[in-house]
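Here are my notes on the model, point by point. Have the structure open while you go through them.

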Amino acid sequence: MKLYYLKKFIHHYLSATLIDVLHSPFVFDLYQTTVKKQKNSVKFKAIENSRTNLLKNNEIVSYSDLGAGSNILSTETKKVVKHLAKAHLKPARIAQIIHQIVLKYKYKNIIELGTSLGITACYIASAIKESYHFEKTNFTTIEGIHDVRNIALKQFEALNLSKYVNSIEGDFNEKLAIVLNNYQSIDVFFVDGNHTYEATMEYFYKALPLAHNNSVFIFDDIYWSLRMTKAWEEIKQDKNVFQTVDLFFIGLVFFRKEQNRQHFKLRVF
Ligand SMILES: C[S@@+](CC[C@H](N)C(=O)[O-])C[C@H]1O[C@@H](n2cnc3c(N)ncnc32)[C@H](O)[C@@H]1O
């Protein structure tokens with residue numbers, strides 16, 4: 001683990017607001033219903049079984065590291081799926097928080113940047129399924145690597161979630177603008193790929209015009225590097241942003257104008 005990340009984690013742990021002294025009713029309610037560990041994890045069993053299988057999967061896929069400003073030109077290598085699963089997949093606890101958020105606010109217009117093997121997408125899709133059953137929803141997830149996306153598609157199919165996910169293959173730099181054109185507004189914008197300052201700010205500003213008062217933008221790995229933390233701090237200061245909740249592993253951004261501008265840090269583990 002990188003020293004910067006570890007130092008930031010310790011700092012976060014020591015400086016996080018204790019829930020008993022949390023003064024914002026909105027964030028207190030958010031914490032109680034989405035962040036606080038839920039007892040009923042039985043409903044997540046099928047998705048977690050998929051994760052377990054991916055972590056044992058010895059299949060080899062073609063892979064290119066899609067770094068900053070990628071137009072998918074980086075050299076292709078081979079990767080074993082279980083290694084990708086270990087490196088990419090969000091811990092169950094964090095994916096379950098995202099699931100609970102989608103469920104609580106009955107969000108339906110959702111974009112995820114970075115499908116990878118599809119585990120968090122399954123959590124999002126299952127929240128949509130639970131909220132709406134057969135109603136048409138609008139969840140799009142984008143992944144740049146063909147073989148990786150194909151594995152995600154298999155997870156959606158195996159878990160009967162395909163009809164709740166619109167999976168797009170391609171570079172965010174090209175596909176995001178096209179996808180945004182098909183949305184009138186965004187409820188959830190989840191950025192989980194291309195963790196650079198420049199890309200993060202670019203995606204934030206591209207999606208911002210479609211945010212509404214009750215939207216949430218979720219940024220992964222805000223302490224991954226100094227530059228990612230810089231992006232997070234700048235997003236917090238944006239004039240359209242009213243509340244943020246820093247859960248260390250992910251940062252939540254809200255636009256609720258009826259409430260004071262406030263920034264919270266809460267412990268997840
Ligand atoms: C951390 S993983 C996503 C994990 C996934 N959201 C989850 O929680 O299960 C990031 C993914 O984003 C993809 N990615 C990164 N940069 C990209 C880009 N510029 N265009 C398309 N995909 C990209 C990578 O290939 C990788 O699969």
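1. First, the ligand site. I call a residue near a molecule or strand if one of its heavy atoms lies within 4 Å of it. The ligand has 19 residues around it, and Gly114, Thr120, Glu143, Phe172 and Asp192 are the closest. Before you read on: this is a predicted model, where local features need pLDDT of at least 70 and side-chain atom pairs count only at pLDDT 80 or more, while totals for chains, interfaces and linings use all residues. Numbering runs from 1 along each chain as its sequence is written, and side-chain values use heavy atoms, with hydrogens and water left out.

2. A side-chain N or O atom of threonine 120 is 2.4 Å from a ligand oxygen. Aspartate 192 puts a polar side-chain atom 2.7 Å from a ligand nitrogen, and glycine 144 has a backbone N or O atom 3.1 Å from a nitrogen of the ligand. On its own the ligand has 600 Å² of accessible area, and the protein covers 95% of that (Shrake-Rupley method, 1.4 Å probe; for residues, only the protein chains shown count as cover).

3. Now the aromatics. Rings of Phe, Tyr and Trp (its six-membered ring) pair if their centres lie within 6.5 Å; planes under 30 degrees apart are stacked, over 60 edge-to-face, and the rest tilted. That rule gives 16 aromatic pairs. Take phenylalanine 9 and tyrosine 13: the ring centres are 6.2 Å apart and the planes at 35°, so this pair is tilted.

4. Why are phenylalanine 9 and tyrosine 13 separated by about one helical turn? Because they are four residues apart in helix α1 (residues 3-15); helices here are DSSP runs (H or I, at least four residues), numbered from the N terminus. Phenylalanine 9 is partly exposed at 28% relative accessibility, and so is tyrosine 13 at 35% (buried is under 20% relative accessible area, exposed over 50%, partly exposed in between; 1.4 Å probe, protein chains only). Ring pairs also join both to a cluster with Tyr5, Tyr223, Trp224, Phe248 and Phe249.

5. Last, glutamine 96, in helix α5 (residues 92-104). Buried or exposed? Glutamine 96 is buried, at 16% relative accessible area. Beyond its neighbours within four places in sequence, glutamine 96 is in contact (heavy atoms within 4.5 Å) with Phe44, Glu48 and Tyr123.

Definitions and conventions
Helix = DSSP H or I, 4+ residues; strand = E, 2+ residues; numbered from the N terminus. Polar contact = N/O pair within 3.5 Å; in protein donor to acceptor, adjacent residues only side chain to side chain.
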